[in-house]
Amino acid sequence: MKKDKSKAGDRSDEVEELLREGKYFLYPDGKYTILDFAHYGDFEQVKHLLTAHPSSVNDQDDVGLTIAHIGVFSRNFDLLELATQTTGFDPAIKDNFGRRAIDCIIHPNMERYSKLLMKHMYGVFSDLDGV
């Protein structure tokens with residue numbers, strides 16, 4: 001997703017800093033963050049970027065969503081699992097509405113998501129070790 005300067009104001013200094021930190025990635029058609037790829041469902045690109053920049057696992061978008069939040073909202077267990085397996089993952093991060101990723105589980109049949117997040121929050125559910 002392209003960042004529109006006309007809507008957000010001139011963010012060139014911020015973008016330059018993010019480029020230096022490796023949190024913006026340049027492609028021929030624009031600049032994208034790891035969160036853009038997560039929103040688009042590009043699992044392989046998210047995996048590649050998390051491998052190169054594991055600290056990005058806790059990055060938040062404009063409304064505070066992390067990769068884990070996006071995994072829950074999109075019902076993408078692989079994305080959520082990738083986030084939880086990344087060194088430094090913090091399951092307690094809240095979005096701009098005060099919700100952790102686990103608080104966003106509102107659909108039935110998402111017990112696996114709850115258990116995975118609870119395992120990383122509280123160390124319970126050892127039956128998920130192979131998940």
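Reader: Which residues of α6 meet α7?
Author: Phe-77, Leu-80, Glu-81 and Thr-84 in α6 meet Arg-112, Tyr-113, Leu-116, Leu-117 and His-120 in α7. Contact means heavy atoms within 4.5 Å. Helices here are DSSP runs (H or I, at least four residues), and strands are runs of E with at least two; both are numbered from the N terminus.

Reader: Before I go on, what kind of model is this?
Author: This is a predicted model: local features need pLDDT of at least 70, side-chain atom pairs count only at pLDDT 80 or more, and totals for chains, interfaces and linings use all residues. Residues are numbered from 1 along each chain as its sequence is written, and side-chain values use heavy atoms, with hydrogens and water left out.

Reader: Back to the helices. At what angle do α6 and α7 pack?
Author: About 5°, with their axes 11 Å apart. Axes are lines fitted to C-alpha atoms, for helices over the stretch in contact, and angles run from 0 to 180 degrees between N-to-C directions.

Reader: What do we call that arrangement of α6 and α7?
Author: α6 and α7 are therefore roughly parallel to each other. The cut-offs: under 35 degrees is roughly parallel, over 145 roughly antiparallel, 65 to 115 roughly perpendicular, and the rest oblique.

Reader: Is α6 mostly covered or mostly open?
Author: Mostly covered: seven of its nine residues, in the stretch 77–85, are buried. Buried means under 20% relative accessible area, exposed over 50%, and partly exposed in between (1.4 Å probe, protein chains only). The buried ones are Phe-77, Leu-79, Leu-80, Glu-81, Leu-82, Ala-83 and Thr-84.

Reader: What do those buried residues of α6 pack against?
Author: Four helices: α3 (34–40), α4 (43–52), α5 (67–73) and α7 (111–122).

Reader: New topic. How many aromatic pairs are there?
Author: Two. Rings of Phe, Tyr and Trp (its six-membered ring) pair if their centres lie within 6.5 Å; planes under 30 degrees apart count as stacked, over 60 as edge-to-face and the rest as tilted. Tyr-32 and Phe-37 have ring centres 5.7 Å apart and planes at 40°, so that pair is tilted. Phe-77 and Tyr-113 have centres 5.3 Å apart and planes at 85°, so theirs is edge-to-face.

Reader: Which parts does the Phe-77 and Tyr-113 pair tie together?
Author: Phe-77 lies in helix α6 and Tyr-113 in helix α7, so the pair links parts that are 36 residues apart in sequence. Phe-77 is buried at 6% relative accessible area. Tyr-113 is buried too, at 7%.

Reader: And what lies over the face of Phe-77?
Author: Arg-112, at 3.8 Å from the ring centre. The rule for a charge over a ring: NZ of Lys or CZ of Arg within 6 Å of the ring centre and within 35 degrees of the ring normal.

Reader: Now the loops. Where is Arg-75?
Author: In the loop between α5 and α6. Arg-75 has a positive phi of about 55°, although it is not a glycine. At 47% relative accessibility, Arg-75 is partly exposed.

Reader: Is Asn-109 buried or exposed?
Author: Exposed, with a relative accessible area of 79%. Asn-109 is in the loop between α6 and α7. Its phi is positive, about 65°, and Asn-109 is not a glycine.

Reader: Last one. How many helices and strands are in the protein chain?
Author: Seven helices and two strands. Along the sequence the pattern is α-α-β-β-α-α-α-α-α. Of the 131 residues, 40% count as buried.
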